Amino acid sequence: MTDNPRIVVVGGGPAGLAAAEYLSGVGYGVRVMDRMPSFGRKFLMAGRGGLNIAHSEEHAAVIERYGPASPWLRPALDAWTMPDIREWMSGLGQPSFVGSSGRVFPTGMKASPLLRAWLARLHAAGVVLQTRADWLGWGEGAQLLFTTQQTGDAAAQQVAVEADAVLLALGGASWPRLGSSGGWVPLLQQRGVEVAQLEPANCGFCTQWSTLFAERFAGTPLKPIALTFEGRRVRGEIVLTHTGVEGGALYALSTPVRQAIATQGQATVLCDLRPDLSEQELLGRLRATRVRESLSNRLRKALRLPPAVVGLLREQGDVPADPRALAALIKAVPLTFYAPEPLARAISTAGGVTRAACDESFMLRALPGVFVAGEMLDWEAPTGGYLLHACLATGRAAAKGMEAWLRKGGTRRYPLQP
């Protein structure tokens, strides 16, 4: 072990950069290696339309958003709270504000200025930032194997990198074109690390639209609406797609919907198309229209419902002419889903390195000196700033765990063979 250990962070997303920032700040030499041509590509994608980086609700409520993983993630989240994130952003010259929904955004509403300032800080701290370096696993002993390619070079070459400690922050498997392909799963499983199957989270779901409906209304947003599933009601927006439905209101229910499909083969979510009106108020407005008018005209005049809603009602079969039955249907349109959208289309990933595979500092029990952070870990959370918050927090927590391990004289004992 050298006086200044060689630390390699594999993965240049929020978790990896947060770890590198902490480790360089306490004096270690750090190299961050990423397979993509530039860092933070998914981070930049998250910033399209405004970078929602945290949520301002009470900290106890934030913890609960992580469901079964809450006890596991709590120490990391307690150590890196929403006020800490806002202070950190301000230190990078990117002040923030709390929106009307309680979500936290940079004042400029963009991810790129924050990322540029962050990378500049890391560079100034001496962190080596290397792109186009695809991790292949381990070579002899603790060597890390990469294929690397310089800009303009036609061929990639394989290199071995020595490290005294490693932090893996390779993401899940959603949006693989941005870098998180999930290719690390077999590499860790071969070394005895337990990994829960990667599944789509915060995703859309597939149903069986008629061809006419799909062709006419795909891409149409419906708002405001409210979705109800297994006793939980979520207000928001959905978007009709060629294959089903996506959107924030459905993302908030994606975990139980996905689990119901896995066990029962399908899941039926009830959609309230006019959440601001009671069924009795709907009934009164519908009765005020002429029965002989077309359904489209009745719904447009009485309730200001667009053509896509009329089409959605017709997808359920014969639309009732009776005002009471029609009002009841508008308040609870059944949407039956048969599968989640593919993992590559999901916003985030469920599954990953299990809690049992890590010690309390996110070091892999099977691989002393190897730490994991971010979306590689087996947790999920809804959109609203919770995803980025946990990535930043676990990146720092794993880095602190690595620091403590190194200071205690931790040594590498990686298995030489799978």
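This is a short tour of a single chain, to be followed with the structure open in a viewer.

**Before you select anything**

The model is predicted, and local features are therefore described at a pLDDT of at least 70 and side-chain atom pairs at pLDDT 80 or more, while totals for chains, interfaces and linings use all residues. Residues are numbered from 1 along each chain as its sequence is written, and side-chain values use heavy atoms, with hydrogens and water left out.

**The whole chain**

The chain holds 15 helices and 20 strands, where helices (H or I, at least four residues) and strands (E, at least two) are DSSP runs numbered from the N terminus. Of its 418 residues, 54% count as buried, buried meaning under 20% relative accessible area with a 1.4 Å probe and protein chains only. Among the contacts (heavy atoms within 4.5 Å) with a separation of 6 or more, 69% are between residues 24 or more positions apart.

**First stop: the parallel sheet**

Select β6, β2, β1, β10 and β20, which in that order make an open sheet of five strands with parallel pairing; two strands pair if DSSP finds at least two bridges between them. Because β6 (128-130) and β20 (370-372) each have a single partner strand, they stand at the edges, and one side of each is left without a neighbour in the sheet. On average, neighbouring strands here are turned by 20° against each other, direction ignored.

Within this sheet, colour β1 (residues 6-10) and β2 (residues 29-33), which run parallel and are joined by five bridges. Val9 stands opposite Val32 in β2.

Helix α1 (residues 14-25) lies across β1, β2 and β10 (165-168), and runs at about 165° to β2. Helix α15 (residues 386-407) lies across β1, β10 and β20, at about 170° to β10. For these angles, axes are lines fitted to C-alpha atoms, for helices over the stretch in contact, and the angles run from 0 to 180 degrees between N-to-C directions.

**Second stop: strands around β5**

Move to β5 (residues 103-106), to which β3 (residues 54-55) is joined by two bridges in an antiparallel arrangement. Strand β4 (residues 96-98) also runs antiparallel to β5, with three bridges. In the hairpin of β4 and β5, which has four residues between the strands, Gly102 takes a positive phi near 90°.

Strand β16 (residues 267-272) pairs with β17 over five bridges in the antiparallel sense, and Leu270 stands opposite Pro334 in β17.

**Last stop: Gly311**

Finish at helix α13 (residues 307-314), where Gly311 is found. Is Gly311 buried or exposed? Gly311 counts as buried, because its relative accessibility is 12%. Leaving aside residues up to four places away in sequence, Gly311 touches Phe213 and Phe217. To see how far the chain reaches from here, select Arg355, which is 44 residues from Gly311 along the chain, with 46 Å separating their C-alpha atoms.

Technical notes: Buried < 20%, exposed > 50% of the residue type's maximum accessible area, 1.4 Å probe, protein only.
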